[in-house]
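Have a look at the structure first.

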Amino acid sequence: MKMRARLLFATSAISMQLAMIPASAAQGAASLPAEALAGSSRNGDAAMPQVADATAPDGQGVAEQDVIVTGTRVIRKGYDAPVPTTVLTTDDLNRSGNANLIDTLEELPQIKGGLGVSTVPASGNYVGQTSVALRGLGSIRTLVMVDGERMMPGSIYGITNISLIPQSLVKRVEVVTGGASAQWGSDALAGVVNLIMDHDFEGVRGSLQGGISTYGDNGNYRASLAWGHRFADDRARIALSFEIAESSGIPANSRDWLGAQFVSNPNATAATKSVSNPLNILSSNVMLSNATFGGLITAGPLRGTAFGPNGTTYQFNYGTLVSPTLMVGGGEVSRAAIVRVAAPLQRKVGYGHLSYDLSDRVEVYLRGLYAHTETSGPLTLPASNYDTNTVRIDNAFLPASVRAQMAANNLSTISVVRFSTDYAMNVMRYPTDTGQFGGGINGSFGSEGFLRDWRWDAHYNYGWTNSPIQTFNNLNKTNYANALDSIIVNGQPVCRNVDARAAGCRPINIFGLGSPATTPDALAYVMGTSIKTYYIDRHNAAATLKGSPFSTWAGPISFAAGVEWRRDRVNITADPIAVATGWGVSSQLPFGGSVSVVEGFAEAVVPLISGQSWTKSLDIAGAVRQARYSTSGDTRVWKVGASWTINDSIRLRANRSRDFRGPALTQLFQAGSSANSTITDPQLNLQYSIYSPNTGNPLLTPEISYTNTAGIVLTPSFLPGLRLSADWYDIRLKGLIVSASAQLTIDSCFNFNTGCGVIVRGADGRITQTPASYINLQSARTSGVDFEAEYRTPRHDWGSLTLRLMGTYLDTATGQRPADPKPTRYDGLISYTGVTDGLSGGPKWRVTAGATWDSGPASFSVTQRFIGGGRVVGYDFTPADYDVLTVDGRSYTDLSLQYRIAPGRRKGTATAFVGVQNLFNVDPPITGAGGIGQVPTDASVYDVIGRQFVAGLRFSY
C-alpha cells in the first residue's frame, strides 16, 4: 500500500518547473525535421529536439536520423518526457568563452561538487581530472555519455574526465536532472550528462582563443580545427576534429585570502569556551608554528631554536594563537605559500566519425577518440618535503652550539622539523592517455509489415586509460634515514650504519636553508623518481530495438528494448620501492581485477488521452532494467512517469524511479597494507587483536536510490515568447559505499546485519580477520526545487532581447549511518570536502540571470550569477566552538561580446569575441575549511580565480 501511495503521489503531484528553448536552441535545431522540434524547450520540456519522425519515407532511408534524446529511448513524435532536462546549445557554449567544457557545465545551478579546471587537484586520487557532479552527490553518481554511449572513464576511480571530450564537435549538451538508470544503466543516480556530437556538418571550422586572470596567472588557450565532408554520392560522411588546450594553473601565494584558516585557541578549553573566548578562531596570515625552511627544534628545552644559513641558529618568532602546527603571524612558512589553488592542465584530443549508408535503410559507422591530458607541478601537502627529523647529539653536521646545549640539558636527541624548498620538493607528472574506438550499425525495417517503422541499432566500443605517474624528488625513506644519521669518522662525516655506508650511503646536512646543497652526493642518494601505472580498459556492446507495436484509442504505443554487456578491468603496477611503501609519497601496492555485467531493458510510452477539448494529451511512461553483475548478482531498477499537456499553455509532469550505481573497480579490488587491529567483539563481549588488512571488498553490492520529481511548464499564449517552469525533486539513497574501519564493520554487522560477509571467525568463535575496507553502509537524501524563466522579444530594427533566469533551491541534504542517532545535515553547509566520491551540501540558493541583445552581426550578453552563503561548520556547533559560523553569498557579473566579421558570405564566416568573467573581481567567502595545503573555501562552488579575460576568433568555411 505504501508503494502504491508513493506511485500515485509521484504521478499526480504538481511541482513547479519550467522549460524553455532559448534563441540559440531554436537556431541550433533549425536544420532538424519539423517533427523533432515538437515540444522542445530549454529546461526539460523535451529540452531541445526530442525525436525525429520515426517514419522515413521511401527513398530517404537513414538520411533522417533518430535524434538522440537523453530523457527517453523511445521514438515518438512530439513526445515530452516527464523527466526534467536542461540543454546547452552550441551558442551557449560559445557565449561562455571557457577554454574547457567543464567550466561551462559548472555554471548550471544543478551541478555542484565536481572538479573544474579551477579545482584540478595537484595530488590525491583525482590528479588532472575534470568531472561533473549533479546534486552534490559526487561525480561517480552522474553518468556521462557521448551520443548516448558510455564514455570511457578517465581514472581508476570510475569518474569520466570531461577534458577528454572533443569540444569542437559538441552540438549540444543534454543534462537530465533525475534518476535515469532504467534507461541508461549504472551511475545515473543523480542524472545523466549526454554530449551530442555534430557528425553531419560539411566544410572546415575552427577556433583560437586565449585568456588570463587579472593576477597574471591561469593563462589558458584553446585551438581547434574540424573538417566534415560527404562523398560517395552522399552515402558516406566523415567528420574529423583535433584540439589542443592548456591552462597554466594558479600557484601558491597568489591570493590574499589563501592564508586564512581556523586556528585553535590555546586560551579556551571545552570547559571554559564561550562566545567571547571560542575554541577556534578564523584568522588570516596563518603560519606554520612547527617548521621553518632551514629546520626548527619543536620540543624540549631547546624548543624554538631555528637553523639559518650555514647552520647558524636564531630564536624562532612565535606569533599569537600558537597551536602545535599553526599560529597567527610570526614564523617563516605561511599557509598561503603552500596552497596551490589549481594545477596546470594540458590536453590534446583527436576524434573521428565515419558513416556509410549500405542501403536506404541501413547505416554502418566507425568512430574513434584519442586524448592525452597531463598535469605536473609541486605536490600539495602533505608531501615528503614537510618532514620531522630525529637528530642524535653526535650528528656530523649538528652545530657545536646546539650540541653543547643538548649536553647541558642531558638530551641525546632532538626533533627538527623542516619545510624544505632546497631538496625533496616533490614534483608530480601525471600523464593520461585515453582511447575509445568502436563502431555500429543501425537501420529500419521499412514501411510495411508488422515491424514497419521500427528501428534497430547495435554497437561495440573498446576503450582504455593508461596513466604512468611519476613523482620526482621523492624521498627514499630508508636511504634518508641512513643519510640523516651521520657521525664523524677520521675527521669526515659518514653514515652511522656500516652496511648502508658500504652500499653507497652519503650523509646529508639538513641544518639551515641551502645546507643540503653542500652535500650533493647525499641529495642524489636520498631522492629518486617513483613510478606507478594505472591501467583500465572496457569492452562494451549493446543492441536496441524501438518502434510502435500497436495503438490505443489515444494513439500509438511507443516501445524500446535492448541488451547490453560490459566488462571493466583494472591493473595497477608500481616500482619495487613504491610497493614496499618506501617513498615519502606516492607509494602503491599492485592490484587487479575485472567485473562484468549483462543488462536488459524495456521502455514504453502509452497515450491515454489525445486531442480532447479539456486535455490536449496525457501519456504515461515506464521503464525497467535488469542487471546481473559478476560480483554481486542481480539488480533491478525501474521508472514510471506521466506527462499531462492540458493545453498549449500548461503542462504537468511527474516521475518516480529506482536507480543504481555499481561499485568502482578500486572499491572492489584495491590492495592495501597488512595490519593488525584491536577490536571489541560485541558477540563475545571480548577485546582482542585481529588481522585487519586495508583492501577493497569484492562483496559490495550496488548503491540504490529512489527519485521523485514533479513539475509544471507554462508557456502562456497571452505573452508569446515567455516560458516558465519549476520542478521539485527528492532523491533518497541507501547502501552508499563508504570506507570503514574493522571495528565499524563489526559493529554494523552485529547491530544492523550490514557488511557481515567480510568477517571471518575461527573454530573458537573469535574473529580472525576483518578488513578495513569498503561496505554498503550509508543512506542519504537530497531534495529541492529547480526553476527557470525566459522571455524573448520578437526581432525589431534594433535587434532582439532575450531574458533568462534559472536557479535551484536546496531544501534538504542529509547523510546517515545506521549507528547515527540522527541524520547529518549538509544543506546550507559550505565547506571544501573533496567530494568526488562522497556527499556534499552547498548553498541553499544558486541563481543565474542573464540578458542577451542580438542585432545583426553583433551580440552582447550580461550574466549575473548568485551563489548563496551558509554555515561553514556543522549545525551542532555553536559560537562558543567557532567564532564564525556563517558566511554571506557571492554574486558574479560576466560580460560577453561577439561580432561576426564576415556575416552572410557564401564561402565562410568569422566571429570575433571577447569576454570578462567575475567583472568586479569578487573574492570567495572564507570558510576556514580544509587543512594545510587546501584552499580555505569551497572551490567547487565559488570562483577562486578572480577576474578573467578571454578573447578569440571562430571561423567556418
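A cavity here is a set of points, on a 1 Å grid over the protein atoms alone, where a 1.4 Å probe fits but cannot get out, and its lining residues have an atom within 4 Å of a point. Grid points are joined across faces, edges and corners, and a volume is the space filled by probe spheres set on the points. This is a predicted model, in which local features need pLDDT of at least 70 and side-chain atom pairs pLDDT 80 or more, while totals for chains, interfaces and linings use all residues. Residues are numbered from 1 along each chain, and side-chain values use heavy atoms, without hydrogens and water.

**Cavities**
- The structure has 12 cavities of 30 Å³ or more.
- Gly158, Asp187, Arg538, Asp568 and Pro663 lie closest to its centre, among 34 lining residues.

**Helix α12**
- Helices are DSSP runs of H or I with at least four residues, strands are runs of E with at least two, and both are numbered from the N terminus.
- In α12 (residues 742-752), Ala742, Thr745, Ile746, Ser748 and Cys749 are buried (under 20% relative accessible area, 1.4 Å probe, protein chains only).
- These buried residues fall within an arc of 165° seen down the axis of α12, so they line one face of the helix; the arc is taken from the directions from the helix axis to the C-beta atoms.
- Asparagine 753, with a positive phi near 55°, follows α12.

Methods
On a 1 Å grid over the protein atoms alone, a cavity is a set of points where a 1.4 Å probe fits but cannot get out, and a pocket is an open set with protein on both sides within 12 Å along at least five of seven lines; lining residues have an atom within 4 Å of a point. Buried means under 20% relative accessible area, exposed over 50%, partly exposed in between (1.4 Å probe, protein chains only).
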